[in-house]
Amino acid sequence: MAQIDRMTVTDLDAAQAIEKSSFSNPWGRESMEEALLSSRYLFLAARDEGRLIGYAAASFAADQMDVADIVVDWKYRRMGIGKALMKALLQTGFSRGALEAFLEVRESNEAAIALYKSFGFTGRYRRKAYYSDPTEDAVVMNLSFDE
């Protein structure tokens, strides 16, 4: 099973490789590094024998948490790593005082939607043409920690 800990700047190259192989519009290295170094963000890493195989990121503002990214290397998917990252991210968010969490997900990403629903997230509304390459709506989901 993967080990979950804090992501560091030394993980950026591996994170960028996973990001680029997973998303049509990957998070740029400079903005990812800026977020990683910001106290408003939390980045968690999933590791296999010390090697980064996935990560999760969230930003915090007041009592809200915005899940920015949860991604696992293709070779390690369907092994519970995304679930472990989400669980750790939500536990940390709750301990930081977040009362609710939000995220956006491509409407066609059935596996991610099923994962989020398993944690109690519900779809609230759609953002039309939110994603590009290909153009697709986002489903905005949220979870209230006090429910």
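Modeller: Start with a definition. A residue is buried when its relative accessible area is under 20%, exposed when that area is over 50%, and partly exposed in between (1.4 Å probe, protein chains only). This is a predicted model, where local features need pLDDT of at least 70, side-chain atom pairs count only at pLDDT 80 or more, and totals for chains, interfaces and linings use all residues. Residues are numbered from 1 along each chain as its sequence is written, and side-chain values use heavy atoms, with hydrogens and water left out.

Colleague: Why is D73 called buried?

Modeller: Its relative accessible area is 12%. That is under 20%, so D73 counts as buried.

Colleague: What makes K75 exposed?

Modeller: K75 has 62% relative accessibility. The cut-off is over 50%, so K75 is exposed.

Colleague: How do you know that K75 and D73 form a salt bridge?

Modeller: The rule asks for a side-chain nitrogen of Lys or Arg within 4 Å of a carboxyl oxygen of Asp or Glu. In K75 and D73 the closest N and O atoms are 4.0 Å apart. So the pair counts.

Colleague: How many salt bridges does this rule give?

Modeller: Eight. One of them joins R47 and D5, with the closest N and O atoms 2.8 Å apart. R47 sits in strand β2 (residues 41-48) and D5 in strand β1 (residues 3-6), so their bridge ties together parts 42 residues apart in sequence. D5, D11 and R47 are also linked in a network of salt bridges.

Colleague: What makes those stretches strands?

Modeller: Strands are DSSP runs of E, at least two residues long; helices are runs of H or I, at least four; both are numbered from the N terminus.

Colleague: Is R47 buried or exposed?

Modeller: Buried: its relative accessible area is 10%. D5 has 24%, so D5 is partly exposed.

Colleague: Why does the contact of R126 with E107 count as a salt bridge?

Modeller: Their N to O distance is 2.7 Å. R126 lies in strand β6 (residues 122-131) and E107 in the loop between β5 (100-106) and α4 (110-118), so this pair ties together parts 19 residues apart in sequence. R126 is partly exposed at 45%, and E107 is partly exposed at 35%.

Colleague: What is the phi of A62?

Modeller: About 55°, a positive value, although A62 is not a glycine. A62 is in the loop between β3 (51-61) and β4 (64-72). At 83% relative accessibility, A62 is exposed.

Colleague: And where is R78 found?

Modeller: In the loop between β4 and α3 (81-95). R78 has a positive phi near 65° and is not glycine. Its relative accessibility is 80%, so R78 is exposed.
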